[in-house]
Amino acid sequence: METVVVKFGGPALTTPEKIVHLAKKVIKEQGRGINLVVVVSSMPAIRRELRQYAAEITDEPSKREMDAFVSSATQITSAMLAMAIQEHGGKAVSLAGWQTGIHTNQKHGNARIDHVDSKRIQEHLALGEIVVVAGFQGVTGTDNISTFGKGGSETSAVALAVALEAERVEIFSSVEGIFTADPEIVKGSRKLPEVSYDEMLEFANLGAKILHPRAVELAKKYNIPLIVRSFVQDVEGTFIKGDVDMEKNLLVRGIAYESDIIRLTIGYDSYETASLAEVFSVLAENDINVDIIVQAVIDGVKPTISFTISKDEFAEALRVLETSKLSLGFSFADFEVGLAKVSIIGSAMASNPGVAARMFARLGREHIPVKMVSTSEIKVSVVVPQEEMVRAANVLHEEFDLAMKEVTAS
């Protein structure tokens, strides 16, 4: 009997009525003759309420206690879904992260999975039960509850699928699948029937919020197929796998964007005092993610290093740089806000030169200034003024004919 892992996020779990709807859905799914593991995020209202309670106690809670505290929201949700399944004639059991055998490192709030012991889940599946897992959490080697940070429930689902040798992971979302661009801002966006792991990683890293990069990386490593589909409409979603057979004639498969980008620049009095390794080692030690990096070394001009970070990490990055100014040896720091990143993505770009030139030419004709550029084999990203983000996404979607009718497999 095949095993399938499904994951439901917060939008599908906002009310008891929606949880009852999901209960009926998973009972029907199990009736197809499969072993079913359901991973849930927390109900948004409960999560917000818990964080508010914590804020009323202290401004700086310990990370260990916050893990113990916020993990309870997901446990409540998983128990509610298990009760709803039982109420409507199904067999189910809810399990917290530590009960599922998900073992992690000691980094509270952003833990990484070391290994998964799936024995207990397999025992419940053998009894014909639907196993409802509280996502986003595990247990450390010292028996403390740990949580995974952003994308934690998706990461839980893929890790369990690997341990259980599951057929696939189905991610139920508020959208029907992966689109060529965000339908809310780009006219003519359409759903892609298939996306490669590498393309999905670029989508996720470049601003698409549907899947977290950690989950995609894990799925790619162990070749676990992912399906992103709607929990509202019963329609086919997007299949994410290793090789994609469809639409290989398309140079660009999609457009991604990310708002609220900040460019930080640090300058040095001489080239001898500038060290890329030291700067980014300090930032990495403080868990600050850096994206596009540009170093300028020109005769007669003081050298600079510029890089982009998210708005959420700006204050911490400034603090770290100021604290480390003497050891890093830079003479000044500057920043620019009001920026956004727009990217084109497609596996076929690797073997088709000229895509970047076409992108820059179109942006130039539209008088959209490009402030920074980053490339890889399957993507080109540009930093543009925030007020030009939506227009840039739309004109690039048009430039690469992404609104064309869906191509079918030959």
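These legends walk through a few views of a predicted model. Residues are numbered from 1 along each chain as its sequence is written, and side-chain values use heavy atoms, leaving out hydrogens and water. In this predicted model, local features need pLDDT of at least 70 and side-chain atom pairs count only at pLDDT 80 or more, while totals for chains, interfaces and linings use all residues.

View 1. Helices (H or I, at least four residues) and strands (E, at least two) are DSSP runs, numbered from the N terminus. Along the principal axes, the C-alpha atoms fill a box of roughly 75 × 55 × 35 Å. Of the 410 residues, 52% are buried, meaning under 20% relative accessible area with a 1.4 Å probe, protein chains only.

**View 2. Ser 78 sits in helix α3 (residues 63-87).** Ser 78 counts as buried because its relative accessibility is 2%. Setting aside neighbours within four places in sequence, Ser 78 is in contact with Val 40, Ser 94, Val 132, Val 133 and Ala 134; contact means heavy atoms within 4.5 Å.

**View 3. Helix α11 (residues 355-365) packs against helix α12 (residues 389-399).** Their axes, lines fitted to C-alpha atoms over the stretch in contact, are 10 Å apart. The angle is about 125°, on a scale from 0 to 180 degrees between N-to-C directions. Arg 358, Met 359, Arg 362, Leu 363 and Arg 365 in α11 meet Ala 392, Val 395, Leu 396, Glu 398 and Glu 399 in α12.

Notes: Buried < 20%, exposed > 50% of the residue type's maximum accessible area, 1.4 Å probe, protein only.
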